[in-house]
Amino acid sequence: MPESSMTGKRILLGVCGSIAAYKACDITRSLRKIGAEVTVVVTSGGARFVSPLTFAALSAAKVYGGMFDEQDAHTIPHINLARDHDLILVAPATAQTIGRFASGMADDLLSAVVLAADCPIVVCPAMNSKMFSHPATQANLEKIATFGYQVVQPDSGPMACKEEGPGRLPELAVILNAVEQVFIPQDLAGKRILITAGPTEEPLDPVRFLSNRSSGKMGYALARAALLRGGEVVLVSGPCSLEAPANVEVIQVRTAQEMYDAVLCHFEAMDIIVKCAAVSDFRPAQYGLEKLKKDGADLLLELAVNPDILATLGERKKEQILVGFAAESENHLGEGKRKLAAKNLDMIVVNDIKGEATGFQSDTNRVTILTRKGAVKELALLSKDQTAMAIFDEVMVLGGGGA
Ligand code: PMT
């Protein structure tokens, strides 16, 4: 597994007595999948919904429940558990447990651990919407926020109790983002970032189109990285099968012209633009409303030039940081430098599309970053998530007046 900001992080997951407790199984698995070590503390209510045995199997670690577990009496579990973790995540957190946290009670293991902890604490409420909206619960949530606990707002929607409203445990991706963000500097907070991703499709007739091999992986990794660093992200995406990160505004487009319109519409309000999409340079000059029929003769296709979105942004740019990509199979640096200057960019990410496991469709990438100030930074073969983080590191250097 490649290194990530979560590699080796020790997460204590508190699970309370809510029907949403079953979702804590997925949280445990997902946290481990991104490299974290997970210790689960289940309240007596939580253990009624999901057996501690399930969490032991999923976390591959001892599960803690009772405050006075005789086997562990000599180790003072609540103090050691508080001391030995980098973050406490309580998901689902019930009204009862949130009330305990707010009033400083320590009458079960989870609340005692939380009271004794000095690591970051993330609380994900899940309960009936009337219970959630009750002034007592709202006051408790406000109170724990003043302690520095981060409260992840619940989703709204139909609930197990057949009522509808706020109180559903947020989506897994939202919870994981909240956890990951704790370990990542929020240096893009307050910044609006527009990212383009994927291919465009240029239709020829109702069944055929011109396109390219872009999967969207690099662009979606950039959107995820910007979000994790606290940015407000708009993702303009060509057709691809990827799931967009939660909390990102996604604008789906098909053609280069549609991408042009969407990007230009948002451009002025943005601080940083990263144009990762593989935009078709040409489109069929004519679109047939009916499927083209073959008649045995060769067919010559006339292509019309598409607008160059990035070049247009370069012409209109004011304070924005403009980052382009260049997919190159030869003379990488020469072509990168030429496009950097020709399109009036602040930075260009030159993508080697000929090497192994790099460029289109792969999960990894190898890029060289060039800046308008002449800096050249060659990155190793990295996962696309790591490449995206490294690109934003360089954007921050550029934004901060560096190379
Ligand atoms: O999606 P993946 O499978 O993960 O693959 C990632 C990638 C290889 C697509 C990506 O890393 C990449 O290199 N993207 C740029 C692809 C490309 O179109 O390069 P280009 O050299 O043709 O274009 C240069 C720049 O101009 C790009 O920023 C492009 O978005 C932009 N452009 C190009 C043509 C056009 N009409 N309008 C544009 O804005």
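User: Let's start with a helix: in which one is His266 found?

Analyst: His266 sits in helix α11, residues 256-267. Helices (H or I, at least four residues) and strands (E, at least two) are DSSP runs, numbered from the N terminus. Before we go on, this is a predicted model, where local features need pLDDT of at least 70, side-chain atom pairs count only at pLDDT 80 or more, and totals for chains, interfaces and linings use all residues. Residues are numbered from 1 along each chain as its sequence is written, and side-chain values use heavy atoms, with hydrogens and water left out.

User: Is His266 buried or exposed, and what does its side chain reach?

Analyst: Buried means under 20% relative accessible area, exposed over 50%, and partly exposed in between (1.4 Å probe, protein chains only). His266 counts as buried because its relative accessibility is 18%. Its side chain reaches the backbone oxygen of Ala262 at 3.1 Å. That is a polar contact: a pair of N or O atoms within 3.5 Å, where within protein one must be able to donate a hydrogen and the other to accept it, and residues adjacent in sequence count only if both atoms are side-chain atoms.

User: How do I read a strand such as β13?

Analyst: In a regular strand the side chains alternate between the two faces of the sheet. In β13 (residues 272-275), Ile272 and Val274 lie on one side, Ile273 and Lys275 on the other, and all of them are buried, so both faces are covered.

User: Which strands does β13 join?

Analyst: Strands pair if DSSP finds at least two bridges between them. Four bridges join β13 to β8 (residues 192-197), running parallel. Another four join β13 to β16 (residues 321-328), again in parallel.

User: What is the strand order in the five-stranded open sheet?

Analyst: The order is β2-β1-β3-β4-β5, with parallel pairing. Its edge strands are β2 (37-42) and β5 (150-151), each of which pairs on one side only. Inside that order, β3 (residues 87-93) and β4 (residues 121-125) are joined by four bridges and run parallel, with Ala93 standing opposite Pro125 in β4.

User: Which residues come nearest to the ligand?

Analyst: A residue is near a molecule if one of its heavy atoms lies within 4 Å of it. Of the 26 residues around the ligand, Ser214, Ser215, Lys339, Asn351 and Gln361 come nearest. Oxygen atoms of the ligand also lie 2.6 Å from a backbone N or O atom of Lys275, 2.9 Å from a backbone N or O atom of Leu310, and 2.7 Å from an N or O atom in the side chain of Lys384. Taken alone the ligand exposes 770 Å², and the protein buries 95% of that. Accessible areas come from the Shrake-Rupley method with a 1.4 Å probe; for residues, only the protein chains shown count as cover.

User: How many salt bridges are there, and which residues are linked in a network?

Analyst: A salt bridge is a side-chain nitrogen of Lys or Arg within 4 Å of a carboxyl oxygen of Asp or Glu. By this rule the count is 19. Arg100, Asp107 and Asp108 are linked in a network: Arg100 meets Asp107 at 2.6 Å, N to O, and its closest N and O atoms with Asp108 are 3.3 Å apart. Arg100 is buried at 13% and Asp108 at 15%, whereas Asp107 is partly exposed at 45%. Elsewhere, Arg208 bridges to Asp205 at 2.5 Å; Arg208 is partly exposed at 34%, while Asp205 is buried at 2%.
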